[in-house]
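Take the structure first, then the points by topic.

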Amino acid sequence: MDVTVVGSGPNGLATAVICARAGLKVQVIEAQPTLGGGARTATDPEFAGVEHDICSAVHPLALASPFFAEFDLAARGVQLKVPDIAYGNPLPGRPAAIAYRDLERTCAELSDGASWRKLLAPLVTDWAAVVDVLLGDKRSMPASLPAALRLGMRMLAQGTPAWGSPVGLLSGADNRALFTGVAAHVLSRMPSITAAGAGLLLAVLAHAVGWPIPVGGSQAITDALLADLCAHGGEATAGVEITEPPSGVVAFDTAPTALLRIYGRSFPGLPKRYAKALRRYRFGPGVAKVDFVLNGEIPWSDPRLRAAPTLHLGGTREQMAFAEKEIAAGRHAQWPMVLAAAPHLVDPGRIDAGGRRPFWTYAHVPAGSTLDATEAVTATVERFAPGFRDIVVAARTVPAAQLAAHNANYVGGDIGMGANSALRAIAGPTPRVDPWRTPIPRAYLCSAATPPGGGVHGMAGYYAARSLLRREFGITQMPALRPKLTA
């Protein structure tokens, strides 16, 4: 075997697909009983017609990522449904803030639409350049320096204490909450440059390409990657945990600390300084997951939210920032930041014969929290949808402390694998010119712990494949990724 990929998340499969298309013999080995990592869908244990997304549920980067743009999911039969509403942010005592696919419609309903337009319109116009900067390898010059400058200024405006001043470019409580909710996809104190960068990327994509939901669940993306891997001679095995270093070249779609377990005892070439750096590696706050089964539509007080598949339920900017500060300090927030998705709104096939449908939620919690978040999430939804409790048929909860049992990368519930800082987003797990190549011979990292960070975009896997193809096999031309056209 030429290349072994350990872990089958989107980044690991991206590395595997690229290497297989380059003509190498590739195998993917996954410890979990199912393949896909953060892009898996599983059947409810009680209601066979209800499918829950295990990690990610909504996928703007599946349309915008350079890797997926070339891989062309649509041409492979993956249906990505784009709703009219990208995300909604209900607010206490006032109408919700709504981010529509249409930028002008969004601005028309906000209290100060001009400030939303000022923040985002220049970036939406040149959205590909925003993707180039934020999903780039952080080592190459941006294709457009003016676009990078516009983005950088806005990251400073919304990623520093200036975010509450006129310099921050956003005025109005609804505007600020709408942006803060999308920035809170990153587990980070706010304001922060990292959260601002993620927020700008996702907000721009909301108006540029939309926030699509794959028909049938996130597993559809994984299945398309696996089909291409197998079509090019690769193979994938689930339910096997790697405990010894595999032979040949290895790419790890894992948390960096997994290398200590695999190489620490049996591999004499593990550099001491690297081992020390891995031992000092720190993970961030976590999430507690609650998957609900509902028997009807959520009775949102603001009826516009009934068409919003993605929701940010943290309240105002001030409430979200306080909650993130609390969990960073190791305390549970009384009102946690809750992200939620109702995929059946664009994919009616997710409703079973009895009218039951999934409702996907995450609540931000301190690292390693053992809290069953069912009540906290239920109470949060009830703030904006009185009567929600009455339509709950079942709730499947996974505390942060148990998330690693479902995906070993999520140590303490940290779905960002400790990468949610500006330094880590640039330098990688340890400061290296090539952060995908480790100092262990023939060992590479391709996970979201390497640049450009988290999200279902495949770019960390792309850059890892580029590095190992060049260094280990002398292959400098990246293979084409588009599917072959058939008559």
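**The parallel sheet**

Strands β1 and β2 run parallel and are joined by four bridges. The model is predicted.

*Sheet layout*

- The sheet is open and has five strands, in the order β9-β2-β1-β10-β16.
- Its pairing is parallel.
- Strands of a sheet pair through backbone hydrogen bonds, in either a parallel or an antiparallel sense.
- β9 (235-238) and β16 (443-445) are the edge strands. Each has a single partner strand, so one side of each lacks a neighbour in the sheet.
- From one strand to the next, the twist averages 20 degrees.
- Helix α1 (residues 10-21) packs on this sheet. The helix touches β1 (3-6), β2 (26-30) and β10. Its direction makes about 165 degrees with that of β2.

- Thr4 has Gln27 as its bridge partner in β2.
- In β10, the partner of Thr4 is Val250.
- Four bridges also join β1 to β10, and these two strands run parallel.
- Which residues of β1 lie on each side? Val3 and Val5 are on one side, and Thr4 and Val6 are on the other.
- Those four residues are all buried, and both faces of β1 are covered.
- In a regular strand, side chains alternate between the two faces of the sheet.

*Strand β10 and its partner β16*

- β10 (residues 249-252) pairs with β16 in the parallel sense, over three bridges.
- Phe252 stands opposite Leu445 in β16.
- Val249 and Ala251 point one way from β10. Val250 and Phe252 point the other way.
- All of these β10 residues are buried.

*Aromatic pairs*

- A pair of aromatic rings is described by the distance of the centres and the angle of the planes.
- How many aromatic pairs are there? The count comes to 12.
- Tyr281 and Phe283 form an edge-to-face pair. Their centres are 5.2 Å apart, with 75 degrees between the planes.
- Tyr281 is buried, because its relative accessibility of 4% falls under the 20% cut-off.
- Phe283 is partly exposed, at 24% relative accessibility.
- Phe292 and Phe388 have ring centres 5.4 Å apart and planes at 80 degrees, so this pair is edge-to-face. The angle qualifies because edge-to-face means over 60 degrees.
- This pair links distant parts of the chain, 96 residues apart. Phe292 is in strand β11 (residues 286-294), while Phe388 is in the loop between α14 (374-384) and β15.
- Is Phe292 buried or exposed? Phe292 is buried, at 0% relative accessibility.
- Phe388 is buried too, with a relative accessible area of 0%.
- Phe67, Phe68 and Phe71 are linked into a cluster by ring pairs.

*Arginine over rings*

- Arg76 lies over the face of Phe71, at 3.6 Å from the ring centre. Phe71 also belongs to the cluster with Phe67 and Phe68.
- Arg383 lies over the face of Trp335, at 3.8 Å from the ring centre.

*Asn409*

- Asn409 sits in the loop between β15 (392-398) and α15 (422-427).
- Where does the Asn409 side chain reach? It reaches the backbone oxygen of Asp253, at 3.2 Å.
- Beyond residues up to four places away in sequence, Asn409 touches Asp253, Thr254, Ala255, Phe283, Asp414 and Met417.

*Arg154*

- Arg154 lies in helix α7 (residues 145-159).
- The Arg154 side chain reaches the backbone oxygen of Leu119 at 2.7 Å.
- Leaving aside neighbours within four places in sequence, Arg154 is in contact with Lys118, Leu119, Pro122, Leu123, Leu169 and Leu200.
- Arg154 and Ile193 are 39 residues apart in sequence. In space they are 9.7 Å apart, C-alpha to C-alpha.

Conventions. Residues numbered from 1 in each chain as written. Predicted model: local features only at pLDDT ≥ 70, side-chain atom pairs only at ≥ 80, totals over all residues. Heavy atoms only, no water. Polar contact = N/O pair within 3.5 Å; in protein donor to acceptor, adjacent residues only side chain to side chain. Contact = heavy atoms within 4.5 Å. Phe/Tyr/Trp six-rings, centres within 6.5 Å; stacked < 30°, edge-to-face > 60°. Buried < 20%, exposed > 50% of the residue type's maximum accessible area, 1.4 Å probe, protein only. Lys NZ or Arg CZ within 6 Å of the ring centre and 35° of its normal. Pairing = 2+ DSSP bridges. Axes fitted to C-alpha atoms, helices over the stretch in contact; angles between N-to-C directions.
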